Amino acid sequence: MALDPALNLAPTQVRRVHVMGICGTGMGALAGMLKAAGFAVTGSDANVYPPMSDFLAASGIPVANGYQGANLQPRPDLVIVGNVIRRTNPEAEELAALGIPYLSFPQALAHFFLHGKTPLVVTGTHGKTTTASLLATMLHEAGLSPGFLIGGLVQAFGRNFNLGESPYFVIEGDEYDTAFFDKGPKFLHYRPQIAIITSVEFDHADIYADLEAVKNSFRRLVAIMPPDGYLVAHGDDPVVRELVAAAPCQVLTYGQSGNCDLQLREITAEGRTSHFSVYYQGNFFGRFQLPMPGLHNCLNATAVTGVLQRIGLDSESIASCLPRFQGVKRRQEVRGEVGGITVIDDFAHHPTAVRETLAALKAAYPGRRLVTVFEPRTNSSRRSVFQRDYVVAFDAADRILIKDPAPLAELAEQERFSTALLAEDLRHRRLHARNFAGTDEILATLATEATAGDVIAILSNGGFDNIHPRLLELLAARRG
């Protein structure tokens, strides 16, 4: 039985809300927001485990382990359906049979939390989480108490959501599809008043056929900007420039090139801290300090500067707040140091993100050996579509260890990403690279070969078999 499109709405009176797929980062945050707003919230998921299970339990939100029709008893007033749910899910089928009103995750966020707000939506193939976290933190430091919902844990808050007290609500605008009943991108639901576009590249090969399909999604985003809206766009990216040319609102471009409205100049590095200047339409705007390394992070901060300038903050206020940014979980996060070996966790998985992250870390730790451990885990990275692009993504690394991915069963062998081929191609470019069948083999190699002074950067968008604490424990045991 299919869901009734006429029931894709929030009823006038809502007290009980059930969330399907509640243990996803965004879904769990939304559940927490609903609970904080006074709703009775329940949830279900196929994989209920820490840290999200701990967060939900601490929030007083009951979670059923596994999907079944009985989870919709007692009958909720509204069901929120995550995009991990398929139409054949038994709970989705029971939802259709019972005729309960339902919303997608972005529909629910917009309905319950964006009315009367000024949504600040951060979009782009790369840098969304860091940029959105930086923007939310800066607004907080400036005393503006923003609401936000972000795909990573913001260190300054210890969580990835906040109801907020000001008109500003920061949202990480994902281009991934909304739900099985709505294949459009999530960011179309967020009513952007101010939006950032950091970059547009081909990604999400499981739902987008090619770059043109990705561009079409961003064209739709640009088209829904209100006439009094404001687009902050990466002007060094030719695809972004092409897309915002048709914007119905004012556009502020940022980047390093001379034709950008906000120009990033005079970048210097001091360990993990970056110093840079921003010029507005050719005139000096301010000199800033960011406690994160890398050109890409300086560009993200420049985009945030453009938004803050728009809402009335001057350069002195921005300069005083920016150094207090504490970062984001899993974005160049130092997980520990043992015997002079630093272990870093980063979310990078797209070839461009891998390249920029490693370049930033190499600059931040000059003279130290950079050992990179990479897990291709996303639907795109496990396809051959990026096989050649990864070959030039690891140039900053001194050692490269690649975990063989779980194959996508629906793909033919020739369409699957090959770690063996990548390692071979990297060796042809005189890089020291090996692929491994599993995490245990990687840990055993690191425990034997890591030496004082090494920086070990672990790149994955998943838990990677809890590799970070396991590695730190092995290194500590090796020291005795």
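Two strands count as paired if DSSP finds at least two bridges between them. Helices (H or I, at least four residues) and strands (E, at least two) are themselves DSSP runs, numbered from the N terminus. The model is predicted, so local features need pLDDT of at least 70 and side-chain atom pairs count only at pLDDT 80 or more, while totals for chains, interfaces and linings use all residues. Residues are numbered from 1 along each chain as its sequence is written, and side-chain values use heavy atoms, with hydrogens and water left out.

The protein has 13 helices and 23 strands. Its C-alpha atoms fill a box of roughly 60 × 55 × 45 Å along the principal axes. The radius of gyration, taken over C-alpha atoms, is compared with a globule rule of 2.2 Å times the number of residues to the power 0.38. For 480 residues a compact globule would have a value near 23 Å, and the protein has 23 Å, so the two agree.

Burial is judged by relative accessible area: buried means under 20%, exposed over 50%, and partly exposed in between (1.4 Å probe, protein chains only). By this scale 56% of the 480 residues are buried. The accessible surface, from the Shrake-Rupley method with a 1.4 Å probe, comes to about 18,800 Å², and 50% of this belongs to carbon and sulfur atoms. A contact means heavy atoms within 4.5 Å. Among the contacts with a separation of 6 or more, 65% are between residues 24 or more positions apart. For charges, Lys and Arg count as positive and Asp and Glu as negative, with His and the chain ends not counted; the place of a charge is NZ of Lys, CZ of Arg, CG of Asp or CD of Glu. There are 43 positive and 49 negative side chains, and the centres of the two sets lie 2 Å apart.

Five of the six residues of β6 are buried. β6 pairs in the parallel sense with strand β9 (residues 168-172) over five bridges, and Val-122 stands opposite Glu-172 in β9. β6 also runs parallel to β12, with four bridges; here Val-121 has Ala-195 of β12 as its bridge partner.

The loop between β11 (182-185) and β12 (194-197) holds Arg-191, and Leu-188 lies in that loop too. Leu-188 is partly exposed at a relative accessible area of 21%. Leaving aside residues up to four places away in sequence, Leu-188 touches Ser-217, Arg-220, Leu-221 and Ile-224. Arg-191 is partly exposed, with 40% relative accessibility.

The backbone has some points to check. Most residues other than glycine have a negative phi, and most peptide bonds are trans. Arg-191, not a glycine, has a positive phi of about 50°. Glu-266 is likewise not a glycine and has a positive phi of about 55°. A cis peptide bond, with omega of about -5°, joins Gln-73 and Pro-74. Pro-74 is in the loop between β3 (63-65) and β4 (78-81).

Glu-266 belongs to strand β15 and is partly exposed, with a relative accessible area of 44%. On one side, β15 (residues 262-270) is joined in parallel to strand β14 (residues 250-255) by two bridges, and Tyr-254 stands opposite Leu-262. β15 also pairs with strand β16 (residues 273-280), in the antiparallel sense and over seven bridges. Ala-269 has Ser-274 of β16 as its bridge partner. β15 and β16 form a hairpin with two residues between them, and Gly-271 in the turn has a positive phi of about 65°.

Beyond residues up to four places away in sequence, Glu-333 touches Gln-155, Val-328, Val-343, Ile-344 and Asp-345.

Helix α12 (residues 439-449) has Thr-439, Ile-442, Leu-443, Thr-445, Leu-446 and Ala-447 buried. An α-helix has 3.6 residues a turn, so residues three or four places apart point the same way. The buried residues of α12 pack against the strands β20 (370-374), β21 (399-403), β22 (433-436) and β23 (455-459), and against helix α13 (467-479).
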